[in-house]
Amino acid sequence: MAKVIYPGTFDPVTNGHIDIVYRAVELFDEVIVTVARNPSKTILFSVDERVEMLKESFKDLKKVTVDSFDGLVVDHARNLNAIGIIRGLRAISDFEYEFQMALMNRKLAGEITTILLMPHAKYTYLNSTIVRNLAQFHGDISEFVPPHVFERLKKKFGYK
Ligand code: ADP
């Protein structure tokens, strides 16, 4: 059973994250999408809200479960007996950071491999910050997030 975790902030989950998970389930037996409880970022949605949105997004994928974690990603991976950490790579701009993280995580836990997956080209410019910024000004983000996420953003930002 090859189990991997896909850690992130997911504030909120976007179609880019979802694209990565669909690729991961083709390769592995179990994918655990896991929400960082204490990210070094300012957060819009609570951990519970982010977990709920992820669960709704992957309800049709039997290989996917959703949870959250505190502390080091590698410790969470070890606790779950995962063999790898999935991350998404959109552009060169992601590379430096993801490369550093992968090498640091390998140093901390040599038995856990980081796997970088590229999304469809149409999602390479997409991130949660852009989605939140567009939603703040009531922009149409229907191409970037699933409908249930759009609904939550509409409520948060009082779309008419
Ligand atoms: P983090 O704060 O851990 O970077 P994010 O939710 O921003 O959390 O991203 C989680 C992972 O998903 C990261 O590896 C990021 O590069 C990747 N990711 C984010 N947006 C996309 C996208 N549009 N396409 C592919 N991967 C993405």
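Me: Ala, Val, Leu, Ile, Met, Phe, Trp, Tyr, Cys and Pro count as nonpolar, Asp, Glu, Lys and Arg as charged, and the others, Gly among them, as polar. With those classes in this predicted model, how many residues in the lining of the largest pocket are nonpolar?

Reply: Sorted by class, the lining of the largest pocket contains 17 polar and seven charged residues. The remaining class in that lining is the nonpolar one, and its count is 22.

Me: How much space lies in the largest pocket, and which residues are closest to its centre?

Reply: The largest pocket holds about 1100 Å³ of space. Of the 46 residues that line this pocket, the closest to its centre are Gly 8, Thr 9, Lys 41, Arg 87 and Tyr 97.

Me: Which element gives the largest share of that lining?

Reply: The elements that contribute two or more residues to the lining of the largest pocket are E1, H1, E4, H4 and helix H5 (128-136). The largest share is nine residues, and the element that gives them is H4.

Me: Where does the ligand sit, and which elements give two or more residues to the shell around it?

Reply: The space taken by the ligand is the largest pocket. Two or more residues of the shell around the ligand come from each of strand E1 (3-8), helix H1 (15-27), strand E4 (84-88) and helix H4 (92-108).

Me: How many residues of the shell around the ligand are charged?

Reply: There are 17 residues around the ligand, and those that come nearest are Tyr 6, Thr 9, Lys 41, Gly 88 and Leu 126. By class, the shell has seven nonpolar and five polar residues, while the number of charged residues is five.

Me: What share of the ligand's exposed area does the protein bury?

Reply: An oxygen atom of the ligand lies 2.5 Å from a polar side-chain atom of Thr 9. A ligand oxygen atom is also 2.7 Å from a side-chain N or O atom of Lys 41, and a ligand oxygen atom is 2.9 Å from a side-chain N or O atom of Arg 87. Taken alone, the ligand exposes 550 Å², and the share of this that the protein buries is 90%.

Me: Which peptide bond is cis, with omega near 0 degrees?

Reply: Most residues other than glycine have a negative phi, and most peptide bonds are trans. In the loop between E1 and H1 lies Phe 10, whose phi is positive, near 50 degrees. Pro 12 also has its place in the loop between E1 and H1, and the cis bond is the one from Asp 11 to Pro 12.

Terms used
Residues are numbered from 1 along each chain as its sequence is written. This is a predicted model: local features need pLDDT of at least 70, side-chain atom pairs count only at pLDDT 80 or more; totals for chains, interfaces and linings use all residues. Side-chain values use heavy atoms; hydrogens and water are left out. A residue is near a molecule or strand if one of its heavy atoms lies within 4 Å of it. A polar contact is a pair of N or O atoms within 3.5 Å; within protein, one must be able to donate a hydrogen and the other to accept it, and residues adjacent in sequence count only if both atoms are side-chain atoms. Accessible areas come from the Shrake-Rupley method with a 1.4 Å probe; for residues, only the protein chains shown count as cover. On a 1 Å grid over the protein atoms alone, a cavity is a set of points where a 1.4 Å probe fits but cannot get out, and a pocket is an open set with protein on both sides within 12 Å along at least five of seven lines; lining residues have an atom within 4 Å of a point. A molecule sits in a cavity or pocket if more than half of its atoms lie within 2 Å of its grid points. Helices (H or I, at least four residues) and strands (E, at least two) are DSSP runs, numbered from the N terminus. Grid points are joined across faces, edges and corners, and a volume is the space filled by probe spheres set on the points.
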